[in-house]
Amino acid sequence: MNNSSPSPQSASSGSDAALAHVVDIRVLLGVFAVLMVLTTITVSVSYFDFGALNLFVAISVATMKAALVALYFMHLRYDNLFYAFVLLVGVAFLGLFLSITMLDSVEYHPGVEAWQERTQ
Amino acid sequence: MTESHPSDEKPNDGGCKAPHVAHHFDSAQQQYDSAKLGMWIFLLTEVLFFSGLFCFYAVYRANNPQVFVDGHHFLNTPLGAFNTVVLIFSSLTMALAVRAAQLDRNRSVVCLLAVTILCGLTFMVVKGVEYKQKWDHHMVPGQTRIAHWFSDENTQSPPKKFQPDVQYVREHLEEAGHADLDDEELAQRIDNLRSYMGIYFALTGLHALHVIIGVGVLCVVLIMAIRGRFGSHRFTPVDMTGLYWHLVDLIWIYVFPLLYLIP
């Protein structure tokens with residue numbers, strides 16, 4: 001499945017071809033550093049109120065972190081694209097599940113607006 | 001790396017395959033790719049498994065934002081942030097362990113797996129401290145029931161209502177800027193808190209279960225590493241456990257801001 005997939009001969013002889021890409025240690029440490037920075041950002045940003053943008057900011061930062069973990073720690077960037085496709089199928093169905101369920105939630109919004117008016 | 005493995009005793013398919021390749025695979029590469037595809041499909045089911053709770057969260061938060069604004073004051077954000085760092089660090093050591101296995105550095109594999117396990121245990125201890133704080137303030141939904149099961153006095157049925165420490169709730173909400181609550185409002189807030197704590201324990205509890213399972217699997221892999229079972233051509237167990245461990249980290253990356261970080 002990899003580009004570097006060895007021929008039967010090379011596999012039989014004990015083989016020098018690697019089964020999977022070895023990630024450079026500087027890349028792993030760099031990704032960890034970026035993840036720490038993003039964690040600091042998401043925690044410090046939570047002390048400010050951006051109104052309706054709050055959830056958007058939190059989810060965006062979390063998605064950036066998740067993408068880094070999936071691409072580098074989980075090797076998706078170096079692997080066959082099909083594994084990434086499998087993960088994205090999961091995410092797509094999560095989105096479908098959420099959006100169809102949320103269609104109904106708008107029905108209750110008058111109650112939410114009443115609460116927001118009371119607290120302001 | 002083939003010397004010490006027990007399957008060396010088996011006939012070697014006329015010498016055309018490495019001894020650790022099962023007879024139904026053409027090559028080590030095919031065997032490795034099959035394991036990885038299977039693991040990714042399992043991770044897909046895990047995403048869908050958690051998606052039920054995330055869906056519950058989304059609908060509940062859209063309809064009842066006040067529940068989340070009130071509730072998050074009762075979580076310990078510094079401990080949650082500490083756990084996030086611990087879990088991301090353990091993901092790093094896990095990725096380094098896979099790398100070390102690929103490079104035939106068995107001693108490093110053992111050390112890095114041990115560090116990963118220690119991080120997992122640290123996460124669980126901190127989680128335990130957080131749960132204990134909730135328990136001490138009677139903020140666990142169903143707590144009176146649970147306490148009743150484990151008590152010696154089985155004479156009368158326990159009260160069913162969620163009854164947190166009212167004084168504690170009032171003080172905490174006042175600190176958060178909700179001063180001068182009358183009794184009726186406070187009762188409403190406590191009702192909100194029960195819903196929030198239900199979501200909190202469901203999400204973090206399911207995640208903690210995954211951490212416990214991950215630590216268990218990591219211990220098995222650690223024993224295999226100590227016995228020298230891994231090398232540059234046979235590191236599938238380390239790699240697959242790593243993928244699972246990263247997914248657990250990935251889910252926490254979403255759970256942490258959704259529960260703890262609500263402005």
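A residue counts as buried when its relative accessible area is under 20%. The model described here is predicted, and by that cut-off B:Phe256, at 1% relative accessibility, is buried. B:Trp252 is buried as well, with a relative accessible area of 0%.

How the rings themselves are arranged takes two values, since a pair of aromatic rings is described by the distance of the centres and the angle of the planes. For B:Trp252 and B:Phe256 the centres lie 6.4 Å apart and the planes meet at 25°, so the pair is stacked. Planes under 30 degrees apart fall in that class. The two rings also belong to a cluster linked by ring pairs, whose other members are B:Phe123, B:Tyr131, B:Tyr200, B:Phe201 and B:Tyr260.

Another residue of chain B sits in the loop between α7 (183-226) and α8. This is B:Arg234, which counts as buried because its relative accessibility is 14%. Its side chain reaches the backbone oxygen of B:Arg229 at a distance of 3.1 Å.

Over all chains, a search of the whole structure finds 19 aromatic pairs. One of them is in chain A, where A:Tyr72 and A:Tyr78 are paired edge-to-face, with 6.3 Å from centre to centre and 70° between the planes. A:Tyr72 is buried, at a relative accessible area of 16%, whereas A:Tyr78 is partly exposed because its relative accessibility is 24%.

Chain A as a whole has 5 helices and 0 strands, and along the sequence its pattern reads α-α-α-α-α. Of its 120 residues, 35% are buried. Among the contacts in chain A with a separation of 6 or more, 59% are between residues 24 or more positions apart.

The remaining topic is where the two chains meet. The contact takes in 62 residues of chain A and 54 residues of chain B. Between them the chains bury about 5100 Å², and 77% of that area is on carbon and sulfur atoms. On the side of chain A, the residues that lose the most area to chain B are A:Leu19, A:Met74 and A:Tyr83, which together make up 15% of what that side buries.

Which side chains meet in a salt bridge? They are those of B:Lys36 and A:Asp79, at 2.5 Å from N to O. The count of salt bridges between chain A and chain B is 1. Across the same interface there are 7 residue pairs in polar contact, with both residues at pLDDT 80 or more.

Several elements of chain A supply two or more residues to the side that touches chain B: α1 (8-12), α2 (25-45), α3 (53-73), α4 (81-102) and α5 (109-119). The most comes from α4 of chain A, which gives 12 residues. Sorted by class, the side of chain A that touches chain B holds 41 nonpolar, 16 polar and 5 charged residues.

Conventions. Residues numbered from 1 in each chain as written. Chains lettered and ligands numbered in written order. Heavy atoms only, no water. Phe/Tyr/Trp six-rings, centres within 6.5 Å; stacked < 30°, edge-to-face > 60°. Buried < 20%, exposed > 50% of the residue type's maximum accessible area, 1.4 Å probe, protein only. Contact = heavy atoms within 4.5 Å. Buried area = accessible area lost by both parts, 1.4 Å probe. Salt bridge = Lys/Arg side-chain N within 4 Å of Asp/Glu carboxyl O. Polar contact = N/O pair within 3.5 Å; in protein donor to acceptor, adjacent residues only side chain to side chain. Helix = DSSP H or I, 4+ residues; strand = E, 2+ residues; numbered from the N terminus. Nonpolar A, V, L, I, M, F, W, Y, C, P; charged D, E, K, R; others polar.
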